[in-house]
Amino acid sequence: MAVQTYGARVKMLRERAKLTQDDLAKAVGLSRGMVAMVEGGRARFGREAESSFVGLVGCSREFIADAPIKAAP
């Protein structure tokens, strides 16, 4: 089953890269709280943080950017 939401994809890729939320936050220039908000579906990365993230974890920008922030009801 494919991971559908933006936050779930971010979390999956972060864990696959063996990064903690703190590691990711430092790498993309955000707080750990903001990373938690993204993974929890309450926010999205800004353009710069998203670009840093995709470079860090090695996925396409489209894989992240095209995901909805919330799951369909």
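Buried residues, those under 20% relative accessible area (1.4 Å probe, protein chains only), make up 36% of the 73 residues in the chain. This is a predicted model, in which local features need pLDDT of at least 70 and side-chain atom pairs count only at pLDDT 80 or more, while totals for chains, interfaces and linings use all residues. Residues are numbered from 1 along each chain as its sequence is written, and side-chain values use heavy atoms, with hydrogens and water left out.

**Overall fold**

- The chain has 5 helices and 0 strands, where helices (H or I, at least four residues) and strands (E, at least two) are DSSP runs numbered from the N terminus.
- The C-alpha atoms of the chain fill a box of roughly 35 × 25 × 20 Å along the principal axes.

**Helix α1**

- Helix α1 spans residues 6-16, and its buried residues are Tyr6, Gly7, Arg9, Val10, Leu13 and Arg14.
- These residues lie on the same side of α1 because they cover an arc of only 160 degrees around the axis, the arc being that of the directions from the helix axis to the C-beta atoms.
- The buried residues of α1 pack against α2 (21-28), α3 (32-39), α4 (47-57) and α5 (61-65).
- Just after α1, lysine 18 takes a positive phi of about 60 degrees.

**Glutamate 39**

- Glutamate 39 is found in helix α3 and is buried, with a relative accessible area of 13%.
- Beyond its neighbours within four places in sequence, glutamate 39 is in contact (heavy atoms within 4.5 Å) with residues including Gly7, Val10, Arg14 and Gln21.

Methods:
Buried < 20%, exposed > 50% of the residue type's maximum accessible area, 1.4 Å probe, protein only.
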